[in-house]
Amino acid sequence: MEFQSFLIKYSEIGIKGKNRYVFEDKLVSQIARKLKTVEGQFSVSKVSGRIYVQAEAPYDYDETIDALQHVFGIAGICPQVQLPDEGFEELKRQVVAYMDEMYPDKNITFKVIARRANKHYPIDSNEINARLGEAILDAFPEIRVDVHHPDVYLYVEVREMINIYSQIIPGPGGMPVGTGGRAMLLLSGGIDSPVAGWMVSKRGVAIDAVYFHAPPYTSERAKQKVVDLARLVSKYSGQIQLHVVNFTEIQLYIYETCPHEELTIIMRRYMMRIAEKLAEKNGCQALITGESIGQVASQTLQSLAATNEVCTLPVFRPVIAFDKQEIVDIALKINTYETSIQPYEDCCTIFVAKHPVTKPNRKIIRKSETKLTKIDEMVETAMKTVETIVID
C-alpha cells in the first residue's frame, strides 16, 4: 500500500507544560531537516498537537522511514490514510478499502479504536467503533473481532481531517536535538564514547566532539576511524564539529617527565583541560565521556575523581554503570560497533604504563604536574593548531 501521509507520535514531549510548543516546533524543524536527505518532496506540519509528514510522489518509502527513525523525539511513525470528512458512509468505504489492501490474508483478528477529537462529529467514539467493525465484518466474513489480543489495531482519528492507520513503527524516542543545550564529547576510536554521545544527544543535547591525535604514533587511518564514528553518531545528533587536537608533544613531554605509573591519569587530566577549553570556546555547557566504573585503570572512582578535579564544567558519563555487553548492545543498535572495533589504536592505548596506578593520590598527581614547566605553552600551541572538521 502506498502512503502519502505519516502521523508522527511523540511521548515525553506530551507531558510538558506551557512550553510544550517549543519542543513540538523543534521536533518539526528536526524532521524537516532530516527529510532533506531523502529523495522526494515533503511538508511537515503541526496541527492541534499532532505532527504530520506529507509526501509528494515519487518518494522512497524505506528511506523516509529510516530517516524518521533517526530523529530523536519521535516515539512512533504511523503510515496513514488521511481524508476529509465526506460523511460516515464514505468513511466506512475507505476503512474497508484500507483493510482489504493492507491485509490480503484475511485470516486475522482486529479491533477498532476510534478517537473523536472533533466533538462536532455527529457520531461518538463507541458508535464509530461498533459501526466500522460491523462494516469490516460484513465485507470480510473470515475476519474476526478480538477486543483483548487482536492481530490488528485499527486506529481512526476524527479531527479536522480523518486519520486511518494500523501500523506504528517505533522511533528512537528521547527529546528533539537542540532543546537540551550543547556539550563536548571526548570521542576516541573505541566502543564506549560514541554510545555516550548518542545517549546524551537522545536527551536533546546537541554535541560537538574532540579527538586527541598523536601522529606518528597514531595513524591517519585511526583519525579517519573517529571521523567515521562521528558521522554515524551525527545521523541522530545532526551536525557535529569534530575538533582534532595534536597531542603528540604533550604526551611525549608527560612521558619523559612524570612517573610512568601516573601517565594515564596525568594525560587524561590534560585531555579534560583541553576539552573544557574547547567546550567553553564553542558554547558547550558540559563534557561527555564514555567512562565506565572499573573498566580500565583510569576509570576507578579514585581515577575519575582525579580527572574531575581539573574541570569546572559538569562531566556527563552516561554509561558509567553499564556492563561492557550493555554498551556493545547499544553500539550494535546504532551501527557504530563494526567501526569501533577496527584495529586502529588511539593515543590513549599507545602510551599506556605497564602498571598504571588505579587509586591515584591527587596530592601526588598535582605534585608531579608541577614538574611540567612547559606544559601550559604546549597546551596553548595545541589549542591554536586544532583542526575542525564539520560533519553533517
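# Reading a predicted model, step by step

Q: I would like to begin with Ile 341, which sits in the loop between α11 and α12 (347-350). What counts as a helix or a strand here?
A: Both are DSSP runs, numbered from the N terminus: helices are H or I with at least four residues, and strands are E with at least two. Ile 341 lies in a loop, between the helices α11 and α12. Before we go on, this is a predicted model, in which local features need pLDDT of at least 70, side-chain atom pairs count only at pLDDT 80 or more, and totals for chains, interfaces and linings use all residues. Residues are numbered from 1 along each chain as its sequence is written, and side-chain values use heavy atoms, with hydrogens and water left out.

Q: Is Ile 341 buried, exposed or partly exposed?
A: Buried means under 20% relative accessible area, exposed over 50%, and partly exposed in between (1.4 Å probe, protein chains only). Ile 341 has 40% relative accessibility, so it counts as partly exposed.

Q: How far apart are Ile 341 and Thr 370, in sequence and in space?
A: From C-alpha to C-alpha they are 37 Å apart, with a sequence separation of 29 residues. Now try Thr 370 with Cys 258: these two are 112 residues apart in sequence and 9.7 Å apart in space, again C-alpha to C-alpha.

Q: Where is Thr 370, and what does its side chain reach?
A: Look in the loop between α13 (362-369) and α14 (375-384). At 58% relative accessibility, Thr 370 counts as exposed. Its side chain reaches the backbone oxygen of Lys 367 at 2.4 Å.

Q: How do I read strand pairing?
A: Strands of a sheet pair through backbone hydrogen bonds, either parallel or antiparallel. Here, two strands pair if DSSP finds at least two bridges between them. On to β8 (residues 162-165): it runs antiparallel to β7 and is joined to it by four bridges. Tyr 155 stands opposite Tyr 165 of β8, and a hairpin of three residues connects β7 to β8.

Q: Why is β7 described as largely enclosed?
A: Five of its seven residues are buried, so the rest of the structure largely encloses β7.

Q: What is the strand order in the open sheet of six strands?
A: The order is β14-β13-β10-β11-β12-β15, and the pairing is mixed. β14 (315-316) and β15 (387-391) stand at the edges with a single partner strand each, so one side of each has no neighbour in the sheet. Inside this order, β10 (residues 182-186) runs parallel to β11, joined by five bridges. Met 184 has Asp 208 in β11 as its bridge partner.

Q: What surrounds Asp 208?
A: Asp 208 belongs to β11 (residues 206-213) and is buried, with a relative accessible area of 2%. Contact means heavy atoms within 4.5 Å. Leaving aside neighbours within four places in sequence, Asp 208 is in contact with residues including Arg 182, Met 184, Ile 240, His 243 and Cys 284. Its side chain also makes a polar contact with the side chain of Arg 182 at 3.0 Å. A polar contact is a pair of N or O atoms within 3.5 Å; within protein, one must be able to donate a hydrogen and the other to accept it, and residues adjacent in sequence count only if both atoms are side-chain atoms.

Q: At what angle do helices α7 and α8 pack?
A: Axes are lines fitted to C-alpha atoms, for helices over the stretch in contact, and angles run from 0 to 180 degrees between N-to-C directions. Helix α7 (residues 248-257) packs against α8 (residues 263-281) at about 145°, with the axes 10 Å apart. Among the residues making the contact are Ile 250 and Ile 254 of α7, and Leu 263 and Tyr 270 of α8.
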